[in-house]
Each structure stands twice: as structure tokens, then as C-alpha cells.
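Here is a short report on one protein model.

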Amino acid sequence: MNDAERPDLLLANSYFMAYDRKDERIEGPFAPLGPLYIAASLRKEGLKPAFFDGTHARSLQDFGNTLDAVRPRAVGLYATVISRDVALKMAHMAQARGIPVVAGGPDPSSAPHVYLQGGHVDAVARGEGEVTGIELARHFAGLGSGDLHEIQGLSIMEHDSLVHTPDRPYVQDLDSVPYPARDLVDWPAYAETTRRFHGASQTTVMTARGCPFRCTWCCKPIFGEKYRHRSAKNVVGEMLELKERYKPDMIRFADDIFTINRKKFLELADAIEAADAQIPFECLSRVDLVDREILERLRDIGCRKVLYGVESGSQRVLDSMKKGTTVEEVHEISRLTRKLGIEQYWFLIYGYPPEDVHDLRLTVDMVRRLQPDDYGITVAYPLPKTEFYETVRHSMREGEHWRMTRDNVVLYKNRYGSWFYRAAIYGTHFVYRSKRAAMRHPNALTKAIDRMAYAATDTVLGGWTHLLED
């Protein structure tokens, strides 16, 4: 490859399925939209992007081989909490070859010092990456500013001190951002993998950015709190392109809350129908932002599943989270969603203070009674720059973080600890499945097993609690 053909920026996804063992696949895997939006923006400006995707790679050696083959002018690493360790190893590999490295994504934006302190990352790009990526690519190609300090949205280490350039303003006109450069992704591999895990080939679409809600555990390092949306026409154009070029069986609308703006959602639903752009989909929402009309329109345009942030069956815990929803709303919307023929998935959080065993029992009981089609449980994770983190940071375990999706380790001083919550998660699964079996096959045996499972789980959790607190 001659010098003129070298990529100005090699965007690299540091998530490797090979390093993230799971008992079952909750979602995805999905190609990260962030790097693909940046790649498309680079092309629009006449720059040369490339993309390395760790998702289906066999090992880190594949990344080394890519570096040697394409010799990029710089590497832009996309990282999350669970891919942090791998991302830092990738940075070291690039730097050993004399290639500058910039880290971006949710984890670097939240904790830039973690990436900069080892000396293998030249800069961290905070927040949205399209404009910052263009300026960085120009910088490393010798076409733009010769000084990283003149680029907004960067964090740099100088003489053992962390220096931040001014924040990059958020993109206001999202229609100005080109569609993600999906041609850089191995779509057949993603289609095969998602079909194997979920029975349908899947990809993602984002219609809006930003979430104005103030849940205490939620960090918004990329898109912030200000809600911004794409036009219905722009979204429909992307969906039609997906139908024509990639033909996914399903898509996920990856907005934090797909139905956050009632008027804009209804406009989008009408536009999708008018253009015959329907693709079966799933989306994320809140129980206080849907009702019969919204759910019926979701169903009309192809919604198969809504993923609700339920979090807890205890109102006390929800109020502590500043969630802004009620347990009664969960019951009402769960039943309505089922009645309208839409599947529901619940996100649940265990271990959020001041949760005790009584609060936990309320959540287990709600899961058992309402029987969502599926759910996922995570132990509360204190992300930097959140109210939750500030509450527990003095009792945090230094240097610890999750390295795999299912680690579910308590990272701060908690009255019960990691093993208790692992037992609680298994107990929830036991109770949920025994109740489901009793509902599907209502006979004396399944009903007896259901009662025994519920009583045993309740006894174990209560007994363990007394043991830990004595």
C-alpha cells in the first residue's frame, strides 16, 4: 500500500466476542454505530477511513495484522467498560508500531484518565465524534491544526496532569450527519451471529440523541441530556436503504427512549407507513412514555418487542434512583403490552442503595407475577460522573471494573456483596421459570413446584441476609 492509499484514520471496535464469555446472549452483537458515523463523516470530507471490527475477530493478533497491512496514519479506538482492558492492549500494539492512538466511546469519555495514564493513548475524544474525528484525521494527515490543543473535545496528559480542551458542541442538525458507513462492516457475519442467537438477522438504527431524564445511575458521556431528533424523512431514507441493500430480518431502534417525543414518534410512524419502509423492529422505552395509542402505533409499523427500563419492583428504590416511574405504571403497561401482542423485555438493577432484602423480594415477586417475555438483571454499576458514583465513590474498590458483560460484581462497599446478588439473580430465574411452567401446564405437579421454588428462594435470600448481617 503506497502512502497515498493509507487510511487517515483506522477506526477500531475493541469489543471481541472471543473475550466475552456469556451463558446466553442477551442482545446483539451489533456493530457500533459511533465509529461508522465517524467513518461516513470522514468520507464526506474527502478523507480516508478504515474500520477494524473486533466482534468476530479470533484474537488481538488480527488487529496487529490489520495495522501492518493498512499502516493507518492514526487509530481511533472505540471502547466501553467491558472492553477497556482489550482497548488498552490494542493501543499498546498501535503505539509499538509508531501509530498515534485516540480513544473514544462511552468509557474513555467518562474516565479519560484511565486511558491516558499508561502513556499508550495520545488523546481521548470526549462526546460525539463526527466533527472531532474529521479534525483529528486532518491533524494526523498534516492537513489541519498542528496542535491537538486547538481541537475541541479532547483530553490530553501533560506532565502527569490531565488537560481538557473545551467541550465539543453537540450536533444540532442530525440530518447533516451521513448514514453510518455500514459497507465497512462484515454484515453477513453479523447476520449469521444474530440469527444464531436470536433467530433473526439484526442491525441498529438511531433516530435521536440525548436523554433529558436524570436517573442517578445513568451516564450520558456521548450524547448528553439535550434531546435532538432526525427528521422522519431522513430516518425513512435510511430504513429504505437497509431494506434494499442489507435486508435485515429485524432492526433495533437504538435511541435511549424511542417514544420520548410523542409528536415526533407519531410523525415517524406515519412516514414509515407512507413510504412502505416497515422492517420488524424492537425499541427501548419507559413505562410512563407509552399508552394504548403509542403501543398500537408501534405494533402497526412492525414493533415486535419493547425493552422497558423497569429497574426495580420497589417504589423506594425507584425513588432513590430518581427514575420518575411507579410500580403501578409497570403493572399497567406490562399487562397492556401483552394484551396488544407486543413482547416485552425488562432491564432490572439489583443492589442499588438503599435496596434491602424486602425490596429485592418485591422485584422477584413482580417478575414472577407479571411474567415479562424476557428480562436481564445487572448489579448496580457506579459509572463516573453520575450521582450514584458520587454517593459510593469513597467506598469503591480501587482499580476494579467489569471485564465481561456478565461479571455482575459489586464494586463498592455493600451490605450483601457479589455472591448474594449472584444468588438473587439465579433465584429470580428459578422463580420466573417455575411460574412460567405452572402457567403453561397448569396441573398439580407444576403448581406445587412453583410454590416450592418461590418459598425456597425467599427462604434462601432471607437466611443469607441474616447470616451476613449477624
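Which residues line the second largest cavity? The lining consists of F30, A31, L33, L36, R182, V185, W187, Y190, Q202, T203, T204 and Y246.

## Basis of the model

This is a predicted model: local features need pLDDT of at least 70, side-chain atom pairs count only at pLDDT 80 or more, and totals for chains, interfaces and linings use all residues. Residues are numbered from 1 along each chain as its sequence is written, and side-chain values use heavy atoms, with hydrogens and water left out.

## The second largest cavity

The model has five cavities of 30 Å³ or more. A cavity is a set of points, on a 1 Å grid over the protein atoms alone, where a 1.4 Å probe fits but cannot get out; lining residues have an atom within 4 Å of a point. Volume here is the space filled by probe spheres set on the points, with grid points joined across faces, edges and corners.

Three elements each supply at least two residues of this lining: α1, α7 (187-198) and β8 (202-205). Helices (H or I, at least four residues) and strands (E, at least two) are DSSP runs, numbered from the N terminus. β8 gives the most, with three residues. By class, the lining has eight nonpolar, three polar and one charged residues. Ala, Val, Leu, Ile, Met, Phe, Trp, Tyr, Cys and Pro count as nonpolar, Asp, Glu, Lys and Arg as charged, and the others, Gly among them, as polar.

## Helix α1 against α6

Helix α1 (residues 33-44) packs on helix α6 (residues 130-140) at about 55°, with axes 9 Å apart. That makes α1 oblique to α6. Angles under 35 degrees count as roughly parallel, over 145 as roughly antiparallel, 65 to 115 as roughly perpendicular and the rest as oblique. Axes are lines fitted to C-alpha atoms over the stretch in contact, and angles run from 0 to 180 degrees between N-to-C directions.

Y37, I38, S41 and L42 of α1 meet E130, G133, I134 and A137 of α6. Contact means heavy atoms within 4.5 Å. Five nonpolar, two polar and one charged residues make up this contact.

## Helix α2 against α3

Helix α2 (residues 60-70) and helix α3 (residues 84-96) pack at about 30°, their axes 10 Å apart. α2 and α3 are therefore roughly parallel to each other.

On the α2 side, L60, F63, G64 and L67 take part; they meet V86, K89, M90, M93 and A94 in α3. The classes are seven nonpolar, one polar and one charged.

## Backbone features

P353 and P354 are joined by a cis peptide bond, with omega about 15°. P354 sits in the loop between β14 (343-350) and α13 (357-370).

K247 has a phi near 50°, a positive value in a residue other than glycine. K247 lies in the loop between α8 (232-245) and β11 (250-253).

Key. On a 1 Å grid over the protein atoms alone, a cavity is a set of points where a 1.4 Å probe fits but cannot get out, and a pocket is an open set with protein on both sides within 12 Å along at least five of seven lines; lining residues have an atom within 4 Å of a point.
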